[in-house]
Structures are given as structure tokens and as C-alpha cells.
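Student: I would like to take a close look at a single part of this structure, the place where two chains meet. Could you walk me through what lies there and what surrounds it?

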Amino acid sequence: MAEGIKDKVAIIGMGCTKFGELWDKSAEDLMVDAFKECMEDAGIEKKDINAAWFGVHFEEQSVGKGATSLALALKLPFIPVTRTENFCATATEAFRGACYGVASGAYDIALALGVEKLKDTGYGGLPGGPSLMGTKNALIMPKLTAPGAFAMMATRYFAVYGLKPEEGKRMLAKVSVKSHYNGARNPKAHLRREVTEEQIINAPIIAWPLGLFDCCGVSDGSAAAIVTRADMAKKFRPDPVYVKALQVALSSGEELMYTKWDGAHVETTYRAGKQAYKEAGVKNPREEISMAEVHDCFSITEAVTMEDLQFSPRGKVKEDIEAGRFNHDGPQPIQPDGGLKCFGHPIGASGLRMIYEMYKQLQGKVQLPERQLKNPKLGLTHNLGGFPPMNIVSIAIVGS
Amino acid sequence: MYPGLYAREHGAIAKRLGADPAQLQDTLLSTVGDTGSASPLMMLVAALEDAKPGDKILVASFGNGGDAMFFQVTEKIKNVADKRAVKKHVAAKKDLASYEKYLAFRNLAPMDLGMRGEISIKTPMSALFRERKVILSLCGSKCKKCGTPQYPYQRVCVNPDCGAIDQMEDYRFSDKKAVIFTYTGDNLAASIDPPSIYGLVDFDGGGRFWFDFTDCDLDSVKVGMPVEMTFRRRYVDEPSGVHGYSWKAAPIRA
């Protein structure tokens, strides 16, 4: 069995822009903003960076293909830069590339940066769908959108666990109430208003049974990390954050074309989680993972992710949600920064944004004292790109 | 049988042919509409649904030229009884609630689909031809090793305990019934008939895939509801001159 990545790589600097409708910022501006904060935090110079990994998903909306846009925007001095793209796991893939780059010994210091300019589309939600997936898919797949694809998981969850639509919608509303509470307190978040359960339940339907507040915002934004080998980390700062696990799992086609998947969970999350716990040496995730930023693109996604990551028993997340387990003052805070739901979701930056929150929480350096969690040990981040039956999941576990 | 857009002219042709009106096949104009070049063949299928061994059928069509074919029905007609052809499709029709919807479906009224509707699809003929079985025949594959049916056609078996490579035979899903595994009604998707209703279906005998649903209302759709597959238009790619057709799932009505 391979050794894994545990404690071989340390994060010594991070940056994250405000997420939102940033009409006066270009993708390049956002890259520079995230990079600047990241470099100041790490206390290094540009010449110290040996290699970079650059994540962007909808390149046609912002910077074009390849990695040249990062090198040009930051004036990186003829170093290797690799572009990563893997749906919503794009930024975590950039981070993974940088971590493996230093862990291998090929580099001492590497940069991972993700960016996305989405609001220039002029509409809510993401562009694309099956019409951009080739002729066969354009003709045989339903004309689905992300909310529709995840709504089907809500329909299925309600059916499998015998929830009436109104019971299911109330369970999901509590997920969003919590994220809005956290987002409202975060100056860098995109959506900063608290909402009530009733507002959520009565909001217009986007894709039945999901309403407006069950869906995350899509945003402009960028986030970045500087990583180095663990044995070098203390040279740069007294409180580096160590990588404990990095795992990725992709659908095998079983969920979409075979008939065993129950449609009420995400198999890739469960598999990647299991691998990540093994890599990090986590025996009891419900007790050992202090906090997490998971891929709450939709309220139902966060709910099933709690079960897939083994934070809640199968079919029992409703009890944990109702008990406030995942609230900011609960025993296992989820989305302390507001999550995709409220911090926002610039696809190519989201994975690094999640790691940024875990990093700051672990260092005790969250901007506002009321946002700081008490003494967290291990933080987990999770991205789910694609649709429940056809997706990629990435998981990172970090600790001090 | 022969098409005719005008009843008077249609009758006048019969007179010149010396045919009794009772011998004429209905043009389907009042039930189906003007189907263009498909019209004589649809009339032939409708005639065969009522035909008895020994019947003689004359099929004629015209456009820039004309064709005539003469058929005699054999005993084997009994083997194709109860096929879902013209009669069953007409019986399964769903009435539209408003004339405006009809105008929208026929592209006779200008529709604002919003910015999400602006994405244009390019349809290369080479891809349509290569994928013709999957797209037009709803043809998937069945693993010869483990027996798992799968759509669309796969070369590597999707059964995780099998995984056989290139052990497939063609398998048609178009005549299989299915049940709804899950569904949604999507108001975000650009559609001339929102919400877009679609979902995953499990086929009788095995196989699962996702499809657009048609001829149904969101309120009537349920997990576990039986559906059947129906061949429908998906989109019109005007620059390429392609009408994209494939299969949708519909409630079983007739």
C-alpha cells in the first residue's frame, strides 16, 4: 500500500478574494488579489516559487485555455505552470498538483491558484449542460441543469426515507438557514443576509423540490495557496497547516447505467471519504473531524454529504440537522464561512476557498473573533463536480 | 391510399381513379395533421393495422414526381398485431391546454427563451451517422458474459463485478417499459414548455438512464410510475439544417 501524503506537505500561505458580483474586477485582477494576500501571508518572494498549478473551469468565460493567463497576470519568471480542470474539484486538483510536486521532491515551493469569472454570463446558474457535451449527449441526455440534477437526488432521498415533501423541504431549509447565518457574519462572503425557514420553504421553485434558497450562488472570485515540504515549513512560519489526506474519486458509470445505486447518496463522496480517512489515520470521522467545508451546491448535497462522509448515520442526517449538530456553535460545524451557499461558488476557486477557511480556523486567525471556532484539530474540505450519478469528488484533510 | 391536403381534391382524384370512397384510407389530416413526406407511409401503416390476409393496397404519393406501389397482405399480418403504430399513438395523444403552446411548439409565435436559450447546438452529420443506433433506435448493449443491459451502447461492461470488454450484443430499449427512479421539474432549463420534466428510469429487464419526459404534468409524475419510450423531436439546429430526434419517456396511456 502506498504511503500517502500525510504530513509530507505544509501550507505556508493562503489568499482568498471577496466572492461576489465583482463587475469591476477581471479574472486577472482576482488572480493578483488572491496571489498578493497569499504571498504576504507566506512571507516569500516570487523568485522562491518553483512551479505553479492553475485551476479554472469555464475558461471561455474568463481567460481562455491553458495556463498562460496565470503566468502573464502574475509575471511568473519562466517557471512551469499547469492548468487543471475537473469540474467543481478544479481548485482542489490544482492544490493536489502543487502538493504532489513538492512531496515528490521535484520542487521546494509551489503555488496553487484557482479563479473563475462567472457573473459576466448575465444570468443565474452555470452555463452549459448537455448541449456542450457533444452530439450524442445533446440528443440522448435530458436537457438538465445543475439544480435539476441535484433536485432528482432530493426526490429520491425523500422517497427512500419516506419523507413527505414538506418534511423534506423543512429539513433542507434548516441546512440553508445555518449557512446564511454563517455567511452573514463573513465579510468576504457573496450573500450576507440571514433568512428564515419560512422564507426558504416559500421561495420560488428552481427545480422541484429545490427552491431558490436551496441553491448556492455562483460568483466571481479567486483563492490561492503556497505549499512546501513539511520539513521546511517551520522556516517560514511557526503555524503551518499540514496536509493529512488528498483523495479523488470519479463515478464509474455504475450510478447512471447500472441499477444498484439508490439515488439518495453520492457514491464517490463515500469512497473518497473512506480513502481519505485511511490516509489521514482517522478512525471515527464523526468525532475526529472538527469542522468541514463541504460542497453544498444545493441543500440536499450538504445533507447527503453528511451521511456519505460518515458524520451522520445513513438516513439519519435529519436528526443531526434538527439537533443543530452542524451549526457554528454545534459539535461539528459545517460551512463556518457560509459555504458555497453564501460565500459563493466561482467553480475554479471554490476548493481553495474551502481550504483557506480551514487554514485560518486552524491557525486561530479568522478575521472576526465571533467567527473563530474553538480549538479545531482537523478540517475537511469536499468538492463534488458534475451530477449525482456522474461526478468527481475531491477531499482534503488538513490539520495543525 | 394517397395523401391530399384538400378534401375536395382528394375526392376528385378518387373519382378519376374510379374508386369507391369506402376504399380510401383516411389521410390523418384531421387527427395528426400534415406530416409531409411521411404521410403516405403513415397511411400505409394505418391501413395494415386493419388489414386482413388477401387485402390489396395501392399506395401512391406525389411531389415533384410520383410513386405508386401495390401490396397484397399475407397471413403473416397476424404476427404483427398489437404493435404500437398509428392507432395507439393517436389514442395516446395529450390535448394542449392552450393554443399559444401549440404556436410555440410549431415555432409560429416568437418566443423569448432568455439568455439560457441562446446556446446554439452544432450537429455534425458524421456524428449523427456514427451514433445512429444509440440516438435513433434507442439501442444499447447487453453483456454476453453477465447479461446486463446498458444504455447507451458500452464497450466495457458497467456491471462492477463483470467489466468484460467487447463482449456486447446490440440491445434495444425502445420497446421496453420502464419505471421512474427519480425526477424533477426544472424551471431554470431553457424550455418553451416549462418546467422541463426529466428523470432517471429503470427499464424492465435491466438498464438505467436519464431522459426528458413528455406528455405529462409535474403533479402526475411519481417515483415508481411506469413509463414507455417515445420517439420525439429534441431540437432544431437551423444553421446545420438538422432536426434532432431521439427518445423521451412518457406515461403509459394507451
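Predicted model: local features only at pLDDT ≥ 70, side-chain atom pairs only at ≥ 80, totals over all residues.

Student: Before we get to that part, what percentage of the 254 residues in chain B is buried?

Tutor: Buried residues make up 37% of the 254 residues in chain B. Chain B has six helices and 10 strands, and its C-alpha atoms fill a box of roughly 65 × 50 × 40 Å along the principal axes. Of the contacts in chain B with a separation of 6 or more, 48% are between residues 24 or more positions apart.

Now to the meeting place. The size of an interface is often given as the accessible area lost when the parts come together. For chain A and chain B, about 4000 Å² is buried between them, and 65% of that is on carbon and sulfur atoms. On the side of chain A, the residues that lose the most area to chain B are A:Leu139, A:Ile140 and A:Met257, which together account for 19% of what that side buries. Chain A brings 47 residues to the contact, and chain B brings 47 residues.

What about charges and polar atoms? Side chains of opposite charge can pair when their charged atoms come close. Between chain A and chain B the count is one salt bridge. Its partners are A:Lys136 and B:Glu131, with the closest N and O atoms 3.9 Å apart. A salt bridge here requires the nitrogen to be within 4 Å of the carboxyl oxygen, so this pair qualifies.

H6(A) gives the largest share, eight residues. Sorted by class, the side of chain A that touches chain B has 26 nonpolar, 14 polar and seven charged residues.

Because 11 of the 14 residues are buried, H4(A) is largely enclosed by the rest of the structure. Among the buried ones are A:Thr90, A:Glu93, A:Phe95, A:Cys99 and A:Val102. After the helix comes A:Gly105, which has a positive phi, near 90 degrees.

The loop between H4 and strand S4 (109-116) of chain A holds A:Asp108. The side chain of A:Asp108 meets that of A:Arg229 in a salt bridge, 3.0 Å from N to O. Since A:Arg229 lies in strand S7 of chain A, the pair ties together parts that are 121 residues apart in sequence. A:Asp108 itself is partly exposed, with a relative accessible area of 34%.

Another salt bridge in chain A joins A:Arg237 and A:Asp41, at 3.1 Å from N to O. This pair links distant parts of the chain, 196 residues apart: A:Arg237 is in the loop between strand S7 (221-229) and strand S8 (241-250), while A:Asp41 is in helix H1 (residues 27-42). A:Arg237 has a relative accessible area of 8%, so it counts as buried, the cut-off being under 20%. Through shared partners, salt bridges connect A:Asp41, A:Arg237, A:Asp239 and A:Lys365 into one network.

For a contrasting setting, look at A:Glu3, which forms a salt bridge with A:Lys8, the closest N and O atoms being 2.7 Å apart. A:Glu3 is exposed, with a relative accessible area of 68%, and A:Lys8 counts as partly exposed at 30%. Over all chains, the structure holds 42 salt bridges.

Finally, visit A:Asp320 in helix H13 (residues 317-322) of chain A. A:Asp320 is buried, with a relative accessible area of 9%. Its side chain makes a polar contact with the side chain of A:Arg286, at 2.7 Å. Leaving aside neighbours within four places in sequence, A:Asp320 is in contact with residues including A:Phe311, A:Pro313, A:Arg325 and A:Phe326.

Terms used: Residues numbered from 1 in each chain as written. Chains lettered and ligands numbered in written order. Heavy atoms only, no water. Contact = heavy atoms within 4.5 Å. Buried area = accessible area lost by both parts, 1.4 Å probe. Helix = DSSP H or I, 4+ residues; strand = E, 2+ residues; numbered from the N terminus. Nonpolar A, V, L, I, M, F, W, Y, C, P; charged D, E, K, R; others polar. Buried < 20%, exposed > 50% of the residue type's maximum accessible area, 1.4 Å probe, protein only. Polar contact = N/O pair within 3.5 Å; in protein donor to acceptor, adjacent residues only side chain to side chain.
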